[in-house]
Structure formats: structure tokens, C-alpha cells
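Me: I have a protein model open and want to learn how to read it. Can we go through it feature by feature?

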Amino acid sequence: MNEMVQKKIDEYLRSLFAKSIKQSFLIRMKYKALELLGDKVNTFFTAQRVPEDLALNEFFIEYEICKLIVGVHRSNIVFLTDDEKAKKEKDSSYCEQLAKDVIANLKLRDYAGAFFRKSPLLSGESFIYYPLPYHLFAVSTQINNILLAHPETSEFRPLLVQMNNKGLAALSLLEDNLLGSAYPICRSAIELFIKTFLLTMVPQVINDYYKFEDFAVQNSYGERTYQQEFNKLYKNRKNQKEHNKIEYLHFGWVDGIADYHAIVRQKPYTINGIQTYLRNKDDEDDPSLFDTFEKLFKMCHGYAHGNIFQLRYPLMQYLEISIMLCYVLTNTYKMVCDHYDEPYTINGVEILTLIDRDWAHVRNQYDLCNVENLNAYYKRKQ
């Protein structure tokens, strides 16, 4: 490409991202990433290219790289002052790591970036290429690829499919700035994950689970009547103190777990009852995992039931949704890989290592979410 065409591409890229990043830093980082990529750059862009238009292809590649630079860099500087941000942009070690992160994300492009829409449906915060949801999108895509590669029937397959679908739906809403609408789906995804986690511990009751699921489907039709078999089970339920028939409809299958009611004395036929059981039974995982799930589940309540209408700080909602989806999709991904004996890596990328780093970063930013910091952040964006 001649120098004049390259200069025009650089000028256009500067103008496209002028409001999101320091222009000279963007172009400097673009060339740094291209230098590290070398001839490998073409291997990540097999689609959306024009066979005979070199200039257009070069622009497309550099535009995609710049989007990643902007997304990753912006996620790193959320609560930094202008002076702190400027210092970071001059730090050679930071720039080196940023370029490496961009290259890692390019390797995941066919699993994540290539599927994103050109722009969000609603205007607002632009979180599309922030690392955590980007990597979770790659995980969701890979889950689907693994499931397609293993079409054989499995008892857990419907649950894994449902969890991935819910995670993907919430990611899509996050991408389109429909943040408030993502909470009910996240709540449903968390509940499904908790049920699935329990079922992996006591697989002998999975047929009971599907039986009660069928009862619930039948009950949703027409006059909402209960089947005779369900009524008989309800009459002989193990905890006779509980009289909520709807709760039993959705969680009555726990009666098949031998020691469940000995551990769960209150509200056994609820998601909270299952969490109580898991806290007491799981010896391998950190018990705080279920405490965190309970907090996340409650976090969704106001949004799911319409008590919170206005999102004053979209950044905070972005972080909360990312945290919830990270728990659900990462654990679902491990379940799928383990179940089908597939590696955790995606296209040679240690995706779980990247997500662990993303997770620590997002949690740190979420801990910094207070009125003072959030007001300062949005004031800088004006």
C-alpha cells in the first residue's frame, strides 16, 4: 500500500475513534500490534474481505484492530484520572501488554468479534469490545461448537443448551445497551445453573427433574390444571409443612435426594433451599461461591420485578451483568468441556486464563463503584 493511502486510512481511523481514545496513542498502538502480528495478520481475517481491493482490506483489518485497542484500553482506565491515564499510555510495559491482549482477542475473532453487530440498538455506553463480555461471547460460541460436534443424546445436554442460550441472550442485551432487560435473564440463568450444579452431584434424580419439568409445562396450558400423578406426589411430599403448590411444582424433584430435607428445614422447595443444601454438601468448591450466587440472585430482583426503572450509572450495571455471566458461562463451559472431553483452549488461546484476569479486573472496578467515583467517571466522559 502506498504512503498516501495509508495516511488517509490513519486519518480516518483517528476521526472514527476520536471521542473514545487519544488519537496518537491509538495509531501508535495499531502499528505496534501489526508489528507483533507480522504476516500472521491475514490468518484472522478470512471473511468480509474484497479479493481485489487491497486498500479496503487493509482498512478493514486496521479498523478491527483499532476497535479492540479502544475496548481493551478503555476497560483498563475506567476510574483513572487524566494524569493517570496519560502516564499509562506512556508506559512501555503497559503498551506491550495491551498489544498482546489485542492479538489474543484477534485469535478469538471467529468466536466473538465477528458476530457482534456493527452498532448497538440503543445509544449509550459502548461496552461491545470490553474484554470480559468479549471472551464470554467466545466461550458461548465454543460451547455451541462442542455441542454441535457431539450430537449424541445426553441427560445433561438440554440443561447445558439452556444455560448457554440464556447466557448468550444476556450478552446480546448487554451488547445492545439493553442493560435493564438483561437482569431477568441473568436471574433465570443463575437459577438454572444452581439446579444443574445440584443435579451433577445427585444424577440419580435427573429423571425426576424432567418429570417435574413436564408437570410444569402441562400446568401452563389452558386452565392450568395439575396432573393426577403430580397431585399424588404433592399429597405425599416429604415436607408436609410446606403448602405452596407452585413451589412444589418447580422443585418437588428434590424429594428424591435422600438427605435433602434433613439439611434444608425451611423453604425446601425453592432455589434458596437448594443453595442451603449445596453450602452444606459441597466439599470441593469454596462455600462463598454459593453465597455469591445468592447475592447475585437478589441483585436481579429489583430489575426482574420492575422495582428499578432507571439506570443512573450504566457502567455499574455493565459490571454487575458481566460478573453474573462470568459465573454462569465459565462454569457451564467447564461442564461442557469435561462432559465431552474437550480441551479448555480456544484456537490455541488459554481462554480461562484470560477470563480469570478479566474477572479480577472487573471485580476491582466494581468494588470502586461508589457515587463519587461514578460521578467523576461520567463527568470525564462529557
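Reply: Start with burial. Buried means under 20% relative accessible area, exposed means over 50%, and partly exposed lies in between (1.4 Å probe, protein chains only). Cys-337 has a relative accessible area of 1%, so Cys-337 is buried. Cys-95 counts as buried too, at 3% relative accessibility.

Me: What ground rules apply to the model and its numbering?

Reply: This is a predicted model: local features need pLDDT of at least 70, side-chain atom pairs count only at pLDDT 80 or more, and totals for chains, interfaces and linings use all residues. Residues are numbered from 1 along each chain as its sequence is written, and side-chain values use heavy atoms, with hydrogens and water left out.

Me: How do I read pLDDT here?

Reply: pLDDT is the predictor's confidence in each residue, from 0 to 100. Where pLDDT is low, the predicted coordinates should not be read in detail. The chain has a mean pLDDT of 86, and 86% of its residues reach 70 or more. Among the elements of the chain, helix H12 (residues 260-263) has the highest mean pLDDT, 96. Helix H15 (residues 301-304) has the lowest, 64.

Me: How many disulfides does the structure hold?

Reply: A disulfide is a pair of cysteine sulfur atoms within 2.5 Å. The structure holds zero.

Me: How do I check a helix, say H1?

Reply: Helices (H or I, at least four residues) and strands (E, at least two) are DSSP runs, numbered from the N terminus. The expected span of a helix is 1.5 Å times one less than its number of residues. Helix H1 (residues 3-16) has 14 residues and should span 20 Å. Its end C-alpha atoms are 20 Å apart, which agrees.

Me: Which residues of H1 are buried?

Reply: Gln-6, Ile-9, Asp-10 and Leu-13 are buried in H1. They cover an arc of only 100° around the axis, which puts them on the same side of H1. That arc is taken from the directions from the helix axis to the C-beta atoms. On the other side of H1, Met-4, Lys-7 and Lys-8 are exposed.

Me: Now charges. What is the salt bridge rule, and what count does it give?

Reply: A salt bridge is a side-chain nitrogen of Lys or Arg within 4 Å of a carboxyl oxygen of Asp or Glu. By this rule the count comes to nine. In one of them, the side chains of Lys-30 and Glu-62 meet at 2.7 Å, N to O. This pair links distant parts of the chain: Lys-30 is in helix H2 (residues 23-37), Glu-62 is in helix H3 (residues 54-76), and they are 32 residues apart.

Me: Are Lys-30 and Glu-62 buried or exposed?

Reply: Lys-30 counts as buried, at 0% relative accessibility. Glu-62 counts as buried as well, at 2%. Asp-10, Lys-30 and Glu-62 are linked in a network of salt bridges. Asp-10 is among the buried residues of H1.

Me: Which residue forms a salt bridge with Lys-32?

Reply: Glu-96 does, at 3.0 Å, N to O. The pair links distant parts of the chain, with Glu-96 in helix H5 (residues 92-107) and Lys-32 in helix H2, 64 residues apart. Glu-96 counts as partly exposed at 28% relative accessibility. Lys-32 is partly exposed, with a relative accessible area of 25%.

Me: How should I read aromatic pairs?

Reply: A pair of aromatic rings is described by the distance of the centres and the angle of the planes. Rings of Phe, Tyr and Trp (its six-membered ring) pair if their centres lie within 6.5 Å; planes under 30 degrees apart count as stacked, over 60 as edge-to-face and the rest as tilted. The structure holds 21 aromatic pairs. The rings of Tyr-226 and Phe-230 have centres 5.1 Å apart and planes at 20°, so this pair is stacked. Tyr-226 is partly exposed, with a relative accessible area of 25%, whereas Phe-230 is buried, at 0%.

Me: What does a tilted pair look like?

Reply: Take Tyr-333 and Tyr-344. Their ring centres are 6.4 Å apart and their planes are at 45°, so the pair is tilted. Tyr-333 lies in helix H16 (residues 314-339) and Tyr-344 in the loop between H16 and helix H17 (351-367), so the pair ties together parts that are 11 residues apart in sequence. Tyr-333 counts as buried at 0% relative accessibility. Tyr-344 is partly exposed, with a relative accessible area of 33%.

Me: Which residues do ring pairs link into a cluster?

Reply: Phe-212, Phe-215, Tyr-226, Phe-230, Tyr-234, Tyr-248 and Tyr-269.
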